[in-house]
Amino acid sequence: MPSVQLNTDVALGVAIPSRAARGRIARLGSVVDSILAAHAYPPVIERLLAEALTLTALLGALLKETQGQLTLQAQTEGGAIDLMVCDYLGGELRGYVRHDKDKVAELPPEPTLEQLFGKGYLAITFDQPIASERYQGIVPLEGKNLGEAAQSYFAQSEQIPSLVRLAAEKRDGHWHAGGLLLQHLPEGEEGRERLHTRLDHPDWPHIAILGGSVKAEELTDPNLALDDLIWRLFHDEDEVRTLAAIALKRGCRCDPVYVRSVIARFPADEREEMVGDDGLIRVDCAFCSSTFAIEPKELSN
Ligand SMILES: [Zn+2]
């Protein structure tokens, strides 16, 4: 079986059975560069999206179904950003940030979530079509960073003690991002339904301390393979297992046929208002910045 390289653009599952802990670790490099290349975001927004994509990869890697989709959406009020959306499907990532340029220009280099999003909420949606499971949880965008907001998501929406660390850094013109997610699941990764979660279980603080010791530069270092980093953090444990690695890619699912069908559903007078000076209706994909040009007369029937 061809093995997936474990340095960059990859997510790896981790299990520490004797401590009833599971985790995901992910690192992104050229995937982030190529997603950001479709936009011209200021550095503070680039860093935020790099971290958000890393979080999306960590959460997406929790999906049991290969056709499952994970969506991360920040809805905001009164911040520098008014919308951030990232999603994951089968290892493919995409994302964009809609923001107010003037407000972003006034932000400090390391803004708080409140400065970025104002009164914001983070919605996380797990969609597993085969099991027809759809689950959405929403938490306030509070805390120092996205990692903290994700931790409160798990604590509040799922009652699962969790640790989330995210880091992103631009070096020599390229982004390097990495993240670690650890969770305490006393009933294990698969199988029996979880009856209750003991928040005071002594194994959890131990794992949270070891996992929490990870440094930002370890998460982002493309020369440090993810399994080596896991070993560095947890080598004293009785057993540390890694699960199948998932190669991560940039992927957009915008589709000219779909775009046309959406526009065709608008009433004729509204479609007329969309026509540009060149006689075409142009629709941009917010995720990848592709433009679809549509002949209005193709739509009228
Ligand atoms: Zn697109």
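In this predicted model, strand S2 and strand S9 (residues 174–184) run antiparallel and are joined by 8 bridges. Strands of a sheet pair through backbone hydrogen bonds, and the pairing can be parallel or antiparallel.

S1 and S2 form a hairpin with 4 residues between the strands, and in this hairpin Ala20 takes a positive phi near 50°.

S8 is joined to S9 by 10 bridges, and the two run antiparallel. As a landmark in this pair, Lys170 stands opposite Trp175 in S9.

Here are the strand pairs side by side, including one from the other sheet described below.

| Strand pair | Bridges | Direction |
|---|---|---|
| S2 and S9 | 8 bridges | antiparallel |
| S8 and S9 | 10 bridges | antiparallel |
| S6 and S7 | 8 bridges | antiparallel |

**How enclosed is S2?**

Is S2 (residues 21–28) largely enclosed or left open? Of its 8 residues, 8 are buried, so the strand is largely enclosed by the rest of the structure. Ala21, Gly23, Ile25 and Arg27 point one way from S2, while Arg22, Arg24, Ala26 and Leu28 point the other way, and all are buried.

**A helix on the sheet**

Which residues of H8 (residues 226–234) are buried? They are Leu226, Leu229, Ile230, Leu233 and Phe234. These residues cover an arc of only 110° around the axis, which puts them on the same side of H8. An α-helix has 3.6 residues a turn, so residues three or four places apart point the same way. The cover over the buried residues of H8 includes S1, S2, S9, helix H6 (203–212) and helix H7 (216–220).

**The other sheet and its helices**

Now turn to an open sheet of 6 strands, ordered S7-S6-S3-S4-S5-S11, with mixed pairing. Its edge strands are strand S7 (133–140) and strand S11 (249–250), each of which pairs on one side only. Strand S6 (residues 121–128) pairs with S7 in the antiparallel sense over 8 bridges, and the bridge partner of Ala123 in S7 is Ile138.

Helix H2 lies across strand S3 (69–75), strand S4 (81–89), strand S5 (92–99) and S6, running at about 35° to S4. The axes of H2 (residues 43–60) and helix H5 (residues 146–157) come within 10 Å and cross at roughly 30°. The two helices are therefore roughly parallel to each other, and H2 passes H5 in a right-handed crossing. On the H2 side, the contact is made by Leu48, Glu51, Ala52, Leu55 and Leu59; on the H5 side, Leu146, Ala150 and Phe154 take part.

Key:
Residues are numbered from 1 along each chain as its sequence is written. This is a predicted model: local features need pLDDT of at least 70, side-chain atom pairs count only at pLDDT 80 or more; totals for chains, interfaces and linings use all residues. Side-chain values use heavy atoms; hydrogens and water are left out. Buried means under 20% relative accessible area, exposed over 50%, partly exposed in between (1.4 Å probe, protein chains only). Two strands pair if DSSP finds at least two bridges between them. The arc is that of the directions from the helix axis to the C-beta atoms. Contact means heavy atoms within 4.5 Å. Axes are lines fitted to C-alpha atoms, for helices over the stretch in contact, and angles run from 0 to 180 degrees between N-to-C directions. Angles under 35 degrees count as roughly parallel, over 145 as roughly antiparallel, 65 to 115 as roughly perpendicular and the rest as oblique. A crossing is left-handed if the near helix is turned anticlockwise from the far one by less than a right angle, and right-handed if clockwise.
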